Structure formats: C-alpha cells, structure tokens
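Thanks, everyone. Please have the sequence and the model open while I talk.

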Amino acid sequence: MIIKNAMVYTSDHRFEKKDIRIKDERIAEIAEHGALEATEEDVVDGAEMYAIPGLVDIHFHGAVGYDFCQASKEELLKIAEYEAKNGVLAICPATMSYNEEILGHIMDKAADYQEDTGADLVGINMEGPFLDEAKKGAHQACYLRPASAAFFDACQKAASGAIRLVTVAPNIADNIDFIRDYHEKVTISLGHTSCDCATAEKAITAGADHLTHLFNAMPSLLHREPGLIGAAMDAEDIYAELIADGIHVHGTMIRNAFRMFPDHICLISDSIRGTGLSDGSYELGGQIFHVKGKLATLDDGTIAGSVTNLYDSMCHAIEIGVPMEEAIAAATIHPAKSLGIYDQVGSITPGKYADILLVNKKMELQRVL
C-alpha cells in the first residue's frame with residue numbers, strides 16, 4: 001500500500017507532505033511527495049488530510065460494557081476493537097487493586113490474549129495495589145498493601161512478563177526499597193499517594209520516572225509544600241500521565257501541564273467500562289459507579305475514571321488551546337517512549353508497525369490503518 005498526498009506527522013513534531021509505503025504490516029519507506037511510484041500496490045489518497053501515528057493508551061480500564069479485569073478473551077477483543085475503531089492502536093490496560101489470587105488470574109488471562117482485529121495489547125499497567133489509602137480514589141481499601149517483591153514477581157510470572165508499568169505510593173513502608181530494586185525491570189510510576197516533596201525526591205532518586213494521572217490522587221502543588229508534583233518538575237525525564245477529558249483536570253491546568261512537563265506529557269483516557277455507552281450504572285473494581293454525560297462517580301461522589309476515549313481526549317486538549325503537534329505527541333510518541341515500546345509504535349518511521357490514522361483538518365478521524 002502507498003499513502004500519497006497526506007501531511008505526515010514526523011517524529012520531530014512537524015507536518016510534511018510525504019508519501020508512505022507500507023509492506024508486510026510495517027512502514028517500509030517514507031519519501032518526498034510524488035517520489036514513490038505505485039506498481040501493483042493499493043494507493044490511498046490522503047489529499048487534504050493529516051497522517052498521524054496510531055494512538056497509544058497506557059492507562060485505561062475498559063470500554064463498551066467490558067472491564068479489563070473481568071473480561072473474557074472474547075470481551076477483551078471487543079474492547080480492543082472499540083479502541084482501534086477510535087484510533088487507539090496500542091493498548092496497555094490497567095488493573096484495579098485486588099489480592100494476589102485475583103490479580104494472578106487477570107494477568108494469566110491477559111498473557112493468553114492474541115490480537116485479531118483490534119488494537120495490539122502491548123503491556124499491562126499494574127495500577128494497584130501498592131497504593132496509599134488516603135488517596136485510593138476508586139480502589140478498594142481492603143486490597144491495598146505495601147509493595148512486595150514476592151507479590152509482584154508472582155503477578156509478573158502469571159503475565160508472562162507483560163507488566164510494563166506499576167504504580168507505587170512512595171510514602172508507604174518499604175515501597176522506596178521496591179522502587180530501588182525494580183526500576184530497571186519495569187517502569188515505576190508514582191501516584192495514589194499523599195507523600196510530601198522530600199519523600200517524592202527519594203522515590204525519584206531510587207528510580208521512579210513516571211506519574212500516574214498528574215494532579216489526580218496526589219497532593220496539590222503548593223508554594224511551601226510542592227509535594228510530588230514539585231519534586232517531579234525538578235527532576236529530569238519524568239513522564240506524567242494526564243487525563244484531558246474535561247472532567248478530571250481544568251482546562252487551564254491541562255494547558256499548564258504541557259508547560260510544566262515539556263515533551264513528557266502522556267495523555268491517557270483512564271476509561272472505564274461505561275465508555276462508549278449511554279448514561280447508567282456500571283461496575284468498577286467491585287464497586288458501582290454512575291455515568292451522567294462525561295462524568296462517572298461512585299456513590300460517595302468520588303470520580304471513578306473517565307468515559308472518554310483517548311482520541312476524544314486528545315481532541316479536547318487541542319480544542320482548549322494545546323498546540324495540535326504537542327497533543328498528538330502526548331498521545332503517541334511520549335507514551336510509547338515511557339512504556340519502552342517506541343522502537344515498534346508511536347511514530348510514522350520506517351521499520352515500525354504501520355499504525356496510521358488519516359484525519360481531516362478538523363481532526364475528525366477518516367480512516368484507521
């Protein structure tokens with residue numbers, strides 16, 4: 001296949017008119033516009049369109065009525081098909097907090113998953129249970145526990161090594177030791193924590209280099225107690241997840257997050273099973289949540305994840321003033337780099353998988369390749 005006449009989004013965050021040759025599911029060649037000659041290949045006319053990489057969602061829980069933690073193999077495929085239909089072509093679904101037996105079963109099931117017609121499952125995000133009860137969000141307190149090598153190793157074995165990201169609250173006893181011991185084996189994300197700035201600095205020094213949904217489930221940035229956010233801003237190469245659904249984070253803070261963590265924002269959906277469905281009541285991590293419009297809450301009013309997919313979240317960021325080139329990078333390049341899969345996905349580069357979206361000038365999705 002050859003895509004001609006499109007404005008192609010490059011790895012250095014610019015648009016250039018290029019032609020793209022695809023062969024054997026990979027990007028074979030990118031050439032100056034008009035340089036590629038079509039022989040027996042199909043030609044896709046990308047005139048008046050942008051070609052951007054398939055999106056990479058490294059933190060979401062479910063969609064269209066299904067939750068990653070409870071889904072069967074067939075239901076996982078339905079989630080993956082929904083994501084692909086909406087431009088998300090690489091997924092790293094997140095767990096809720098459970099005990100070792102339940103998590104082991106979830107990991108084992110995910111390890112057996114084989115993508116067919118939907119998004120590629122590129123890893124597992126172990127969001128719980130190494131969290132702080134004071135900032136547990138929608139996680140159940142009864143399952144929370146200090147980080148444990150034995151616990152994590154059992155889950156990673158069940159997942160056949162697929163766990164790529166784990167959230168750790170650094171203020172819980174022994175959790176910094178876990179960060180120090182495991183940061184070279186898996187991406188360590190700091191979140192669901194009430195830690196102070198000094199504790200966050202120790203965790204970052206120990207090897208943590210990621211933040212779980214910036215601003216949410218962590219102390220606010222204050223002038224005399226900058227907390228986790230301030231410590232992360234002082235560090236180098238910290239990737240920060242951001243939910244840009246218009247509910248979790250105010251538009252002003254979304255715009256400022258891109259200034260606070262330049263070239264290191266990872267847009268995520270944090271979507272739950274109510275995504276893609278009408279208003280109603282659904283289940284998440286053993287608790288009932290209620291969806292009304294874009295808002296999902298538990299009975300006590302706690303926000304219970306998002307019901308907006310990553311593509312729509314990226315478009316919302318653009319609508320409220322984030323430069324388009326930066327928003328696209330935050331949904332493609334940065335999450336792929338933070339997860340350690342940028343050699344395969346995240347940009348339109350020869351050798352990588354041909355995960356490509358064609359969108360019009362209004363950022364409306366026209367075709368998924």
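This is a predicted model: local features need pLDDT of at least 70, side-chain atom pairs count only at pLDDT 80 or more; totals for chains, interfaces and linings use all residues.

Let's start inside. The largest nonpolar core has 96 residues. Which of its members touch the most others? They are Ile52, Met126, Leu214, Ile265, Leu267, Met314 and Met363. Helix H9, residues 324–331, gives the most to this core, with 6 residues. As background, nonpolar side chains in soluble globular proteins tend to be buried together.

Take Met314 as an example. Leaving out residues up to four places away in sequence, Met314 touches Ile52, Leu55, Leu267, Ala327, Ile328, Ala331 and Met363.

To find the spot, look for Ile91, which stands opposite Leu121 in E10.

Follow the chain out of E9. The loop between E9 and helix H2, 100–111, holds Ala94. Is Ala94 buried or exposed? Buried: its relative accessibility is 1%. That puts Ala94 in the buried class because the cut-off is under 20%. Its contacts, again without residues up to four places away in sequence, are His59, Phe60, His61, Phe68, Cys69, Asn125 and Glu127. For a sense of scale, the C-alpha atoms of Ala94 and Leu228 are separated by 22 Å, and the two residues are 134 apart along the chain.

On to charges. How many salt bridges does a search of the whole structure find? The count is 8.

Lys4 and Asp19 meet through their side chains at 3.1 Å, N to O. This pair links distant parts of the chain, 15 residues apart: Lys4 sits in strand E1, residues 2–9, and Asp19 in strand E2, residues 15–23. Both ends are buried. Lys4 has a relative accessible area of 17%, and Asp19 has 0%.

Next, Glu16 and Arg14, at 2.7 Å, N to O. Glu16 is partly exposed, at 22% relative accessible area. Arg14 is partly exposed too, at 41%.

The last pair is Glu29 and Arg21, at 2.8 Å, N to O. Here the ends fall into separate classes: Glu29 is partly exposed at 32%, while Arg21 counts as buried at 16%. There is also a network. Salt bridges with shared partners join Asp12, Arg14, Glu16, Lys18 and Glu32.

Finally, the surface. Ile247, Leu295 and Ile303 form a nonpolar patch there. Together they have about 190 Å² of accessible area. Where is Ile303? Look in the loop between strand E19, 295–298, and helix H8, 310–319. Ile303 counts as partly exposed, at 33% relative accessibility.

That is the tour. I'll take questions.

How values were computed:
Residues are numbered from 1 along each chain as its sequence is written. Side-chain values use heavy atoms; hydrogens and water are left out. Patches are made of residues with over 30% relative accessible area and no salt bridge: like charges are joined within 9 Å, nonpolar side chains (Val, Leu, Ile, Met, Phe, Trp, Tyr) within 5 Å. Accessible areas come from the Shrake-Rupley method with a 1.4 Å probe; for residues, only the protein chains shown count as cover. A salt bridge is a side-chain nitrogen of Lys or Arg within 4 Å of a carboxyl oxygen of Asp or Glu. Helices (H or I, at least four residues) and strands (E, at least two) are DSSP runs, numbered from the N terminus. Buried means under 20% relative accessible area, exposed over 50%, partly exposed in between (1.4 Å probe, protein chains only). A nonpolar core is a set of buried Ala, Val, Leu, Ile, Met, Phe, Trp, Tyr and Cys residues joined through side-chain atoms within 4.5 Å. Contact means heavy atoms within 4.5 Å. Two strands pair if DSSP finds at least two bridges between them.
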